Amino acid sequence: MKKPVNKGLCADFALWNISDASLGTEELAHLEIVSTMVHQLTRNLTMDEIENSSFLDYYVDHTVGIWPQAAGGVPFNACEFQSKGDPITDLHENLAAEQKARSTYDNILRVVRDIPEIADPIKFLRAREVVHYQRFGEALRKIQEDLDAKNFYAFNPSFDNPCMATCKEC
């Protein structure tokens, strides 16, 4: 089965697809796995358990429904996504996002190390973040090598590089 190709980049860059699924699909799967784990941990809470835990404020707003938010209570929103349309800038953003996710998983693992039902899926997700980081790093190196410029930070390759602008495979 052929991997899907990001039509915004030349075929050379399709080598850096993160998985057989699109990256967005895989990242949404991460959210789905974590949300499912939260649901499984909270679905049978009693009112006494809710009232005597830090879960009470969340419960008041969402009962035991899944509402993605940071540990500090900030709801997930589209502001979490960053894109400048510059491959070098965007790859650096992607690299940082993968490291932030890995750090979060490391922190979760410190808290749940004795609960294999939680730790094992988190270890899987952490491993995927490491792979994503490696693939984004490879893509960044490939773009930088193909620019053949002394200072590849001086322009946006997707607009200012004749090779990328005239690629017939895009």
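Helices α4 and α5 pack against each other in this predicted model. Two packed helices are described by the angle between their axes and the distance between the axes. Here the angle is about 160 degrees, and the axes of α4 and α5 lie 9 Å apart. Angles over 145 degrees count as roughly antiparallel, so α4 is roughly antiparallel to α5. The crossing of the two helices is left-handed.

Now follow α4 on its own. This helix covers residues 87-112, which makes 26 residues. From its first C-alpha to its last, α4 reaches 37 Å. That is close to the 38 Å expected at 1.5 Å a residue. Look at the start of the helix next. There, a side-chain oxygen of Asp86 comes to within 2.9 Å of the backbone nitrogen of Ile88. Ile88 is also one of the buried residues of α4. Others among them are Pro87, Leu91, Leu95, Tyr105 and Leu109. The buried set also includes Asp90, Glu98 and Asp106. An α-helix has 3.6 residues a turn, so residues three or four places apart point the same way.

Step back to the loop between α3 (56-62) and α4, where Thr63 lies. Thr63 has a positive phi of about 55 degrees, although it is not a glycine.

Next comes α1, residues 23-42. Its 20 residues should span 28 Å at 1.5 Å a residue. The end C-alpha atoms of α1 are 29 Å apart, which agrees. Which residues of α1 are buried? They are Glu26, His30, Ser35, Met37 and Thr42. These buried residues pack against α4 and α5.

Leu23 is partly exposed, with a relative accessible area of 27%. Leu23 and His132 are 109 residues apart along the chain, yet their C-alpha atoms are separated by 8.9 Å.

Finally, take in the whole chain. Its secondary structure comes to seven helices and zero strands. From the N terminus on, the elements run α-α-α-α-α-α-α. The chain has 170 residues, and buried residues make up 27% of them.

Note on methods
Residues are numbered from 1 along each chain as its sequence is written. This is a predicted model: local features need pLDDT of at least 70, side-chain atom pairs count only at pLDDT 80 or more; totals for chains, interfaces and linings use all residues. Side-chain values use heavy atoms; hydrogens and water are left out. Helices (H or I, at least four residues) and strands (E, at least two) are DSSP runs, numbered from the N terminus. The expected span of a helix is 1.5 Å times one less than its number of residues. Buried means under 20% relative accessible area, exposed over 50%, partly exposed in between (1.4 Å probe, protein chains only). A polar contact is a pair of N or O atoms within 3.5 Å; within protein, one must be able to donate a hydrogen and the other to accept it, and residues adjacent in sequence count only if both atoms are side-chain atoms. Contact means heavy atoms within 4.5 Å. Axes are lines fitted to C-alpha atoms, for helices over the stretch in contact, and angles run from 0 to 180 degrees between N-to-C directions. Angles under 35 degrees count as roughly parallel, over 145 as roughly antiparallel, 65 to 115 as roughly perpendicular and the rest as oblique. A crossing is left-handed if the near helix is turned anticlockwise from the far one by less than a right angle, and right-handed if clockwise.
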